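Please look over the sequence and the structure shown below before reading the notes that follow.

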Amino acid sequence: MMNKPHRDTISVEQAEIISHDAYDGDQYLLRVMAPEVAATAKAGSFVHISCDPMLPMRRPISIMRVDKDKGWVDFLYKALGYGTGLLSKRQVGEHLSIMGPIGKPFSVDLNRPRALLIGGGVGMPPMIFLAETLKSLLGSQPFAILGSEVPFPFTAKPSTLMLPGIPDGVIASMPLLEDWGVPSRLASLQGYAGCYEGYVTDLARHWLDALTVEQRNEVIVYACGPHPMLEAVAKLASEYQLPCQVSLEEFMACAVGGCAGCVVEVKTDNGPAMKRVCVDGPVFNAEQVF
Amino acid sequence: MTNPALSNDDLAMLATDFCGLNFQTPLSLLSGCVGFGEEYTRVKGYSNRDVGAVCLKGTTLEPRLGNKPHRVYETPMGMLNAIGLQNPGARHVVDEILPTLDFNETRFIANLSGSTIEEYAEVARIFDDSPIDAMEINISCPNVKEGGVAFGNDPDMSARVVAACRKVTKKPIITKLSPNQTDIAENARRCIEAGTDGFAVINTLMGMAIDIEDRSPIIGNNQGGLSGPAIKPIALLKVHQVYQVCRGHGIPIIGQGGVTTAEDAIEFLIAGATSVGVGTALFYDPLVCKKINAGIVEYLKRHDMSTVSQLSGSLQLNT
Ligand SMILES: Cc1cc2nc3c(=O)[nH]c(=O)nc-3n(C[C@H](O)[C@H](O)[C@H](O)COP(=O)(O)O)c2cc1C
Ligand code: FES
C-alpha cells in the first residue's frame with residue numbers, strides 16, 4: 001500500500017450557525033458547529049466556505065478559535081465583496097457548508113519562546129488562534145500587536161500585563177488575550193483611546209529595542225494581515241535577524257491543491273517557484289516571499 | 001465499498017467503454033481541476049473510484065511556472081482562470097508522479113500541451129512509455145501565448161498536432177476541442193482523419209473581468225478561460241455538433257462545460273457524450289460525483305434503461 005498521509009484530512013460539514021454578530025466597519029464574528037473541523041484545526045488553518053448556495057465558488061476564511069470539546073469554530077471576517085456580503089446576511093440556525101481544516105499551519109519553535117504576533121485587520125484571527133495555542137506551552141511568552149483602521153471588533157481594556165519599551169499611554173489590549181494571560185497592545189492611525197498611534201511595526205520596534213540581546217535572540221515573529229503590512233513586518237524581521245512566518249491570502253478555487261489558482265511566487269534554492277497558498281501555505285517563511 | 005449509496009447492480013449500469021478503456025462510471029474529472037490525481041483525496045468521502053477517469057493537469061516538455069496571480073476569479077455562474085499550464089514537465093510527471101498513483105482506483109489520462117507540433121509529439125512519446133491509460137491533446141488552452149488555442153482554432157494545425165502524436169503512440173488519443181472557433185465540426189472531421197480516437201468537448205471560452213477602481217483586468221494574464229454553469233448551453237450545442245461527425249465513426253466524446261448535477265450530465269449524454277466531465281463543480285462540492293452517479297442511476301431506472309450507453313446520443317430533434 002502506498003503511503004498517502006494527505007488523504008482524508010479535510011472534512012465537508014453542514015455547519016449550523018450558533019451566533020453571527022455585526023461590528024463597525026462591516027466586520028462580523030461568526031460561530032458555527034463544525035466538530036470535525038474543530039477537532040483537527042491548528043493556528044493558521046482556514047476553511048473554504050459556501051457563503052450562499054447560489055454562488056458557484058466558495059471563499060477561504062481563516063479560523064480564529066475552536067473548541068474541540070464543544071465542536072464550535074469561530075471566524076472574524078469583513079464583508080468586502082459579493083460573497084462575504086451574502087455570508088453576512090446568513091442567520092443563526094441556518095447551515096453553511098464548510099470544508100476544512102485546510103493548509104499548513106504556523107510552526108512553533110520552542111527555542112524561541114518570545115513569540116511576537118502581529119495581526120492587521122482581518123489578519124487578527126490566526127494570531128488569536130496562535131496566542132491560544134502558545135499560552136498553554138511551558139515557557140512560552142507570546143506578545144500580540146493588533147492593528148486596525150476600523151474600530152476593533154471588541155471593547156478594548158487597559159492591560160495589567162506589563163511589557164518593556166511600550167510608550168506611555170499605550171495600554172489598550174484585547175480582553176480575550178488578557179484573560180489568557182497573553183499581553184497584547186493595539187495600534188491604529190485613527191487615534192483610538194489607549195492605542196498606539198502608528199504602524200504595528202513601529203510599536204514592535206519599541207518593544208524589540210527594549211529587549212536585551214539575549215532576549216532578542218529568543219524572538220520569533222508571526223504575522224497575518226494586508227500585503228503592505230506583511231512586507232513591512234518581513235523587513236523588520238530581517239533587520240533584527242529574526243525568523244518570521246507570514247500567513248498569505250489569495251483568490252482560491254479548489255482550496256485542496258488541485259487547480260494551482262492560488263499561487264504565490266517564492267524563492268527556492270532552485271530559483272523561483274510558484275507555491276499554492278491553499279496547501280503549500282497559507283503560512284510561509286517571510287524571506288521566501290519577500 | 002466506496003459508493004455506499006449504489007449497489008453492485010447500480011454500478012454495473014454506470015460502467016461504460018471509452019476508446020476501449022473500461023470506465024467504472026461515465027464521469028471524468030477534468031484537466032486542471034484535480035492536479036495530478038491525488039489532490040482531492042485530501043477530502044473525506046471523496047474517491048477516485050467514483051469516476052471513470054481522471055485527466056491530469058496540462059503537461060509540457062519543460063517545467064512551466066505558469067502565469068502571475070490572480071489566476072482565478074468568480075463570475076456570474078462561473079469563473080475565469082488563467083493558470084498558464086503550470087506543471088513540472090513530462091519527464092517529472094512520468095518518473096515521479098505516475099508511480100505514486102493507484103491505477104486500480106480509476107483510469108488516468110495525461111493532458112498534453114506544447115508550443116510547437118514537435119513538442120506535443122515529444123510529450124506524447126514520453127507518456128507512451130508510461131502506465132498512463134490515454135492521452136488528451138489540449139489544443140484549446142486559451143491561457144498561453146503559443147500553441148494551445150492558436151492550434152486548436154485552425155483545423156489544419158489541429159490535424160497536424162494529432163497526426164504527429166498518432167505517429168508516436170498506440171494509446172488512445174483524445175483531442176480536446178476549443179469552443180473559440182467558427183466550425184468545430186469541420187475541425188473534428190480533420191482530427192478524425194488524422195487519427196484521433198476520441199474527443200473532449202469543450203475547453204473554456206475566453207473572457208475578461210475588470211476591476212473598475214484600478215481600471216485593470218483582475219486576472220494577471222488579463223484574459224482567462226470561462227468555465228462553470230455559465231457555459232453549459234454552449235457546451236451542449238458543441239457536443240451535439242461534434243457528435244454528428246463522430247457517430248458514423250464510433251468515436252466517443254467526453255462532454256463537458258458547467259456540469260453540476262445529474263440532470264446536467266444526462267443532458268450531455270443525450271446530446272452525444274459517452275463520458276461527462278466534471279471540473280469547476282468540484283470546487284463548490286468535492287463530493288458532487290457521488291450525487292451525479294446516484295442521479296444517473298435513478299434516471300436510468302425510471303426510464304427502463306439498463307446501461308448508461310443507451311442514453312448516449314439519444315437526442316430526438318424537433319422537426
Ligand atoms: C482552473 C482550471 C484549470 C484548467 N486547466 C486545464 C488544463 O491544464 N488543460 C485542459 O485541457 N483544460 C484545462 N481546463 C479546462 C477544463 O478541463 C474544462 O474543460 C473546462 O473547465 C470546462 O468544464 P467545467 O465547466 O466543468 O469546469 C481548466 C479549467 C479550470 C477551471
Ligand atoms: S485554490 Fe486550487 S490549488 Fe489552491
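Why is the site of ligand 1 shared between chains? The site is shared because residues from chains A and B surround ligand 1. This is a predicted model, in which local features need pLDDT of at least 70 and side-chain atom pairs count only at pLDDT 80 or more, while totals for chains, interfaces and linings use all residues. Residues are numbered from 1 along each chain as its sequence is written, and chains are lettered from A and ligands numbered from 1 in the order in which they are written.

**The site around ligand 1**
- Of the 30 residues around ligand 1, those that come nearest are B:Gly32, B:Gly58, B:Ser227, B:Gly279 and B:Thr280; a residue is near a molecule if its C-beta atom, placed from the backbone, lies within 6 Å of it.
- Strand S4 (53-59), strand S16 (275-278) and helix H9 (280-284) of chain B each supply at least two residues of the shell around ligand 1, where helices (H or I, at least four residues) and strands (E, at least two) are DSSP runs numbered from the N terminus.
- The shell around ligand 1 divides into eleven nonpolar, 17 polar and two charged residues; here Ala, Val, Leu, Ile, Met, Phe, Trp, Tyr, Cys and Pro count as nonpolar, Asp, Glu, Lys and Arg as charged, and the others, Gly among them, as polar.

**The two domains of chain A**
- Chain A is divided into domain 1 (11-102) and domain 2 (114-247), with bounds that come from an automatic or database domain assignment.
- The contact between these domains takes 15 residues from domain 1 of chain A and 13 residues from domain 2 of chain A, two residues being in contact if their C-beta atoms, placed from the backbone, lie within 7 Å.
- On the side of domain 1 of chain A that touches domain 2 of chain A, the largest share, four residues, comes from S6(A).

**The open sheet of chain A**
- Seven strands of chain A form an open sheet with mixed pairing, in the order S13-S12-S9-S8-S14-S15-S18; two strands pair if DSSP finds at least two bridges between them.
- The edge strands are S13 (196-197) and S18 (283-285) of chain A, each of which pairs on one side only.
- Strand S8 (residues 114-120) and strand S14 (residues 219-224) of chain A pair in the parallel sense over six bridges, and the bridge partner of A:Arg114 in S14(A) is A:Val219.
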